[in-house]
Protein chains: 2
Amino acid sequence: MSLLAVGSVAFDDLETPGGSRQNLLGGSATYFSLSASHFVPTQLVAVVGADFLADHRAVFEKRPIDLAGLIQKPGRSFRWKGSYDDELNEAKTLDTQLNVFADFHPILPESFRQSAYLFLGNIEPSLQLDVVHQMAKPPRWVALDTMNYWIKGSRQELAEVLKEVDILLVNETEVRELTLEHNLLKAYRRVLSFGPKVLVIKRGEYGAVLMTEGCVFSVSAYPLEVIVDPTGAGDTFAGGFLGKLAQLGRMDIPALKHAVLTGTVMASFTVEQFGTGRLEKVQKKDLDDRSKAFFNMIRVDDL
Amino acid sequence: MSLLAVGSVAFDDLETPGGSRQNLLGGSATYFSLSASHFVPTQLVAVVGADFLADHRAVFEKRPIDLAGLIQKPGRSFRWKGSYDDELNEAKTLDTQLNVFADFHPILPESFRQSAYLFLGNIEPSLQLDVVHQMAKPPRWVALDTMNYWIKGSRQELAEVLKEVDILLVNETEVRELTLEHNLLKAYRRVLSFGPKVLVIKRGEYGAVLMTEGCVFSVSAYPLEVIVDPTGAGDTFAGGFLGKLAQLGRMDIPALKHAVLTGTVMASFTVEQFGTGRLEKVQKKDLDDRSKAFFNMIRVDDL
């Protein structure tokens with residue numbers, strides 16, 4: 001059982017209160033697959049340029065990530081430059097260069113079309129729908145991320161692909177913009193009417209909220225004393241959440257709750273160093289130790 | 001075992017997206033005592049004016065709230081006028097009239113000086129310290145709330161009273177201003193150096209975080225589809241939290257966690273109607289039902 005992920009592999013220039021870094025391997029599908037592959041074999045569909053070198057490829061190849069869908073083209077990879085304020089709350093985009101990503105039209109390798117689980121990362125909704133149509137059979141579930149740019153500019157196309165989606169993962173402002181509801185319970189009911197059965201709202205330092213029938217489950221971010229770089233935390237969360245869910249092979253409420261905890265723990269590694277620095281080095285023991293600590297934190301014993 | 005609470009009883013004029021109300025019974029000690037008294041007999045120390053009528057008194061007298069410390073003076077009660085934006089996130093103060101509260105100098109009735117538990121609501125820090133000194137014996141614990149006005153203007157006096165405090169309850173911006181630390185774990189360590197052993201950070205719709213040795217515990221607000229008026233939610237939380245803690249008579253981590261859940265559930269009633277409208281009517285069954293639902297929400301079963 002594999003998890004197929006479509007999204008961006010990019011290079012980031014980052015400015016944070018603690019320092020700057022250039023040319024870091026980034027992109028939503030990078031963080032997602034590095035995270036998800038701890039739980040389930042992951043298949044990556046993305047496009048990179050000539051600046052994607054053997055060292056970058058090796059980062060993925062160290063993990064159970066199938067790169068048959070990673071296309072390399074002449075030119076430069078998607079590049080993003082962002083800065084964070086003192087509180088590290090919000091990224092300010094300083095520059096975006098789509099480069100080879102501008103013409104990205106994902107074509108699934110034959111070996112990917114049977115995947116049991118499908119994650120449609122944040123790309124143009126019509127391309128997301130096209131990926132769904134390329135699957136040889138309906139996946140056991142389809143999950144989708146999107147952003148305000150598509151919610152504003154491609155609402156109709158987004159509505160089309162949402163009909164095929166089981167799990168919607170977005171942040172708080174995105175779900176409000178998508179549903180035109182401020183209240184998250186009302187927003188959830190609107191999302192249900194679009195197609196998805198499960199809504200996961202990412203809230204940065206306030207963690208995440210899972211909503212599905214008979215369940216509203218919130219967790220805060222894993223508490224850390226030092227946060228270096230929040231880039232990729234949301235994508236790492238998504239990878240941990242969906243990777244765990246695929247590993248469990250179930251979508252009942254206990255499984256969904258455990259998946260939220262797993263995503264939260266994975267994201268806590270990412271923010272500890274710049275880029276994928278810490279995420280690349282996560283070992284099973286790190287994950288087990290922090291998961292155990294997190295379970296203890298949230299557990300409420302009977303009196 | 002009683003819980004003694006010192007604070008304000010006031011009248012509020014409120015403007016919300018859903019409507020306006022004038023002359024509502026309010027004030028931190030009102031919400032606090034109506035909430036805490038569900039769990040432990042509560043003693044109230046506050047000052048009101050001639051506008052505090054028999055009907056207002058009856059609101060308290062319906063509950064196990066001892067009003068021996070409620071002093072009535074000529075003139076008008078403390079009055080606050082506030083408005084909320086569409087998202088109900090933050091109250092904007094339109095007018096504050098201290099009236100009889102300006103000269104408030106709490107004097108504890110003899111019968112209150114033996115109280116086992118003491119809550120110092122948000123009043124001038126030197127008055128909070130004076131209340132501590134009026135106790136016949138050290139309470140089993142002392143809890144304190146404060147606000148940015150005192151953190152900025154009376155930092156030295158606040159530092160003095162904090163030495164006597166076991167539990168600090170403040171909101172997120174307040175703890176950051178008090179400790180000059182943005183990171184909440186760092187802020188917690190600073191708070192420890194001031195005196196308190198337990199820090200509870202109120203975060204509005206994002207709920208609350210409890211921090212004490214070996215424990216970081218976060219819960220979101222109880223999810224509601226309709227929120228009418230957030231006034232008093234934080235004070236209701238404090239009353240439920242400290243009332244439950246006093247009722248349990250313990251301060252270990254399981255007790256503190258349960259108290260956070262209780263405070264959260266109590267606050268969820270307050271926001272459902274204007275002022276104390278809903279809080280006044282809470283029955284044991286309401287509390288039990290919602291507490292049970294909340295426990296189910298946050299509980300993570302083994303897989």
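How many residues of chain B are in contact with chain A? Select both chains to find out: 25 residues of chain B are in contact with 26 residues of chain A. Here, contact means that the C-beta atoms of two residues, placed from the backbone, lie within 7 Å.

Before going on, know that this is a predicted model, where local features need pLDDT of at least 70, side-chain atom pairs count only at pLDDT 80 or more, and totals for chains, interfaces and linings use all residues. Residues are numbered from 1 along each chain as its sequence is written, while chains are lettered from A and ligands numbered from 1 in the order in which they are written.

**Stop one: where the chains touch**

On chain B, pick out helix 7 (184-194), strand 13 (215-219), helix 9 (253-270) and helix 10 (284-298): these are the elements that give two or more residues to the side touching chain A. (Helices, H or I with at least four residues, and strands, E with at least two, are DSSP runs numbered from the N terminus.) Helix 9 of chain B gives the largest share, 5 residues. Color that side of chain B by class and you get 14 nonpolar, 5 polar and 6 charged residues. For this count, Ala, Val, Leu, Ile, Met, Phe, Trp, Tyr, Cys and Pro are nonpolar, Asp, Glu, Lys and Arg are charged, and the others, Gly among them, are polar.

**Stop two: one chain on the other**

The same surface serves both copies, as 100% of the contact residues of chain B recur in chain A.

**Stop three: a sheet in chain B**

Next, show the open sheet of 4 strands in chain B, with the order 3-2-6-7 and mixed pairing. Two strands pair if DSSP finds at least two bridges between them. At the edges, pairing on one side only, are strand 3 (19-26) and strand 7 (91-97) of chain B. Zoom in on strand 6 (residues 78-84) of chain B, which runs antiparallel to strand 7 of chain B and is joined to it by 6 bridges.
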